[in-house]
Amino acid sequence: MDHFHGPMVNFGLHTWYALLITVMLSNSSTPVCHWVWGYGFMYDWGVHDFAGGLVVHCTAGMSALAGVLVIGRRKIVGESGPHNVAYVALGTGLLWFGWFGFNGGSALAANGDAAMV
């Protein structure tokens, strides 16, 4: 649910946010973890999730979709200025570089499994 923290807090929905985290943790994240890592049906299908990206991003995307459907459109008071393109490019490069190193190391070997990123 990392992709969903900011909008919920920015809207000032702290109680709903705490409730959403509790519901998602007990009803969404935990079962998906067992499907992939706990020798569940996705593990039997041959799904390998070394770094947890499948579990984290699938549950984050579904919680973001649920939040958008419940909260609705953002009410924009004024237009925000342009973002710093150099910082966006720098952050993207750092994330890309770090992510490939992290996932490659999750296979505990320098072989074809590490290249499955």
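Predicted model: local features only at pLDDT ≥ 70, side-chain atom pairs only at ≥ 80, totals over all residues.
Residues are numbered from 1 along each chain as its sequence is written, and side-chain values use heavy atoms, with hydrogens and water left out.

So, the overall picture. We've got five helices and zero strands, and along the sequence that reads α-α-α-α-α. Helices here are DSSP runs of H or I, at least four residues, and strands are runs of E, at least two, numbered from the N terminus. Of the 117 residues, 21% count as buried; buried means under 20% relative accessible area, exposed is over 50%, and partly exposed is in between, with a 1.4 Å probe and protein chains only.

On to H4, residues 53-71. At 1.5 Å a residue, its 19 residues should span 27 Å, and the end C-alpha atoms sit 26 Å apart, which agrees. That expected span is 1.5 Å times one less than the number of residues.

Which residues of H4 are buried? They're Gly53, Val55, Thr59, Ala60, Ser63, Ala64 and Gly67. They cover an arc of only 160 degrees around the axis, which puts them on the same side of H4; the arc is taken from the directions from the helix axis to the C-beta atoms. As a reminder, an α-helix has 3.6 residues a turn, so residues three or four places apart point the same way.

And what do those buried residues pack against? Helix H2, residues 14-37, with contact meaning heavy atoms within 4.5 Å. Just after the helix, Gly72 takes a positive phi of about 95 degrees.

Leu19 is partly exposed, with a relative accessible area of 44%.

Last stop, Met42, in helix H3, residues 41-44. Is Met42 buried or exposed? At 17% relative accessibility, Met42 counts as buried. Leaving aside neighbours within four places in sequence, Met42 is in contact with Trp35, Val36, Val47 and Leu54. Its C-alpha is also 9.1 Å from that of Val32, 10 residues away along the chain.
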